[in-house]
Amino acid sequence: MRPRRFAAAGPLKGRIRVPGDKSISHRSLMLSALAVGESRVTGLLEGEDVLSTAAAMRAMGADIQRTGEGEWLIHGVGVGALLQPEAALDMGNSGTSTRLLMGLVASHPITACFVGDASLSKRPMKRVTDPLSLMGAEFTTSPGERLPLMLRGAAPAVPIEYRLPVASAQVKSAVLLAGLNTPGITTVIEPVPTRDHSERMLKGFGAALTVETHVDGTRTIRIRGEAELQPQCIEVPGDPSSAAFFIVAALIVPGSELVIENVGLNATRAGLIDVLRQMGGDITEQNAREVGGEPVADLLVRHSVLKGIDVDPAIVPSMVDEFPVFFVAAALAEGRTTTTGLDELRVKESDRIAVMATALTAAGARVQETEDGLIIDGSGGEALRGGNNAAIATHLDHRIAMSMAVAGLVSAGGVEVDDTRPIATSFPAFEALLDGLVA
Ligand code: S3P
């Protein structure tokens, strides 16, 4: 364990750049590893989760080399040509690696064993074993359809039409990636839109993929299998989910004025910014542009008096990873903030509803846990005053550690986080960036 106390240290001023997008980084390695020829990726997030994906793609035959900071060269094997890995694929803490790679393996004639850490081994996999079984893959799982599990891919796999029972980009992507090496057309019907990086990048690599949006917002995504992917040069935009910690910190620490450069603003990811603006957050986009086929801008964020809000559950998928730090913003707002429809948060790296309720309460916030969300009565900008000095339990969850670090910046006595090591899964430079700003 690596504990650390985060305490108030004055306004956040200056310019920072956040690391590459985690979702896009995973996908860029996977698709490059399936394209015949050399792909080049810049701005890749070099966090542990993405490195787990890189190691797994290497174990299945791709040549993946780091040539500089965030710069990677990948020689792919071709769709259908993944090799049998010789050892278990260690997914570490990464749900995205696990679920997307299960999709890839499901339509290849290989058998792979997936293992992960204590957090990942508690997370539900039935949501991917269900559709992938329909495509012909076979599974031997640990009780509760969890890791460790063994997957025997189907060759050939069977194309399916699958309606997503949960709003999950990982499940959608698993089925689409399995569809890449499945004869015919694989169809995913998505009643609630989730992040669309897989669709964008599959098209960019030359897969025949169409998206039809119906009047009620439902999306039908079709991919033609036995695809031939063309190698690409990809520039990964900055991760809005990493920027989120600094956006909230600058909004709630008095006197702050911070520019966060190169933030991806794909509409399927930008819900936090919309909600914070509705609460009165002063966030301005500068230098709007496109990076790697995704909208990007620099964000100027100034300290603001936030007002509590009822968060519309329809916005949840576009800020699903940002709730832990959003709860910190709500804890500093004037009045009550209510969130509902957050059931999915209970099956992330930790139960983020319960863990944040406990953590914020210990830090001195007024929080009530419900079945599917939190009700938070904000301090109206007053520093949090926790009655107990015990370390916050992060439960191997990077976003809990970083959110509570931000809470520490607005806490009278500081906040002790029990273990900062999980931060390296998504944002290895987080502490250095924060320390640099307040120095
Ligand atoms: C991700 C999808 C989301 C998100 C995760 C990354 C992805 O998970 O929470 O951090 O890259 O597809 P779900 O699909 O489970 O919502």
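Analyst: Buried means under 20% relative accessible area, exposed means over 50%, and partly exposed is in between (1.4 Å probe, protein chains only). This is a predicted model, where local features need pLDDT of at least 70, side-chain atom pairs count only at pLDDT 80 or more, and totals for chains, interfaces and linings use all residues. Residues are numbered from 1 along each chain as its sequence is written, and side-chain values use heavy atoms, with hydrogens and water left out.

User: Is F323 buried or exposed?

Analyst: F323 is buried, at a relative accessible area of 0%, and F327 is buried at 0% too.

User: How do I read a pair of aromatic rings?

Analyst: You describe it by the distance of the centres and the angle of the planes. Rings of Phe, Tyr and Trp (its six-membered ring) pair if their centres lie within 6.5 Å; planes under 30 degrees apart are stacked, over 60 edge-to-face, and the rest tilted. That rule gives six aromatic pairs. F323 and F327 make a tilted one, 6.0 Å centre to centre with 45° between the planes. They sit four residues apart in helix α9 (residues 323–332), so about one helical turn separates them.

User: Which kind of pair do F427 and F430 form?

Analyst: Edge-to-face: F427 and F430 are 5.6 Å centre to centre, with 65° between the planes. F427 is buried at 0% relative accessible area, and F430 is buried at 1%. Ring pairs also link F245, F246, F427 and F430 into a cluster.

Key. Helix = DSSP H or I, 4+ residues; strand = E, 2+ residues; numbered from the N terminus.
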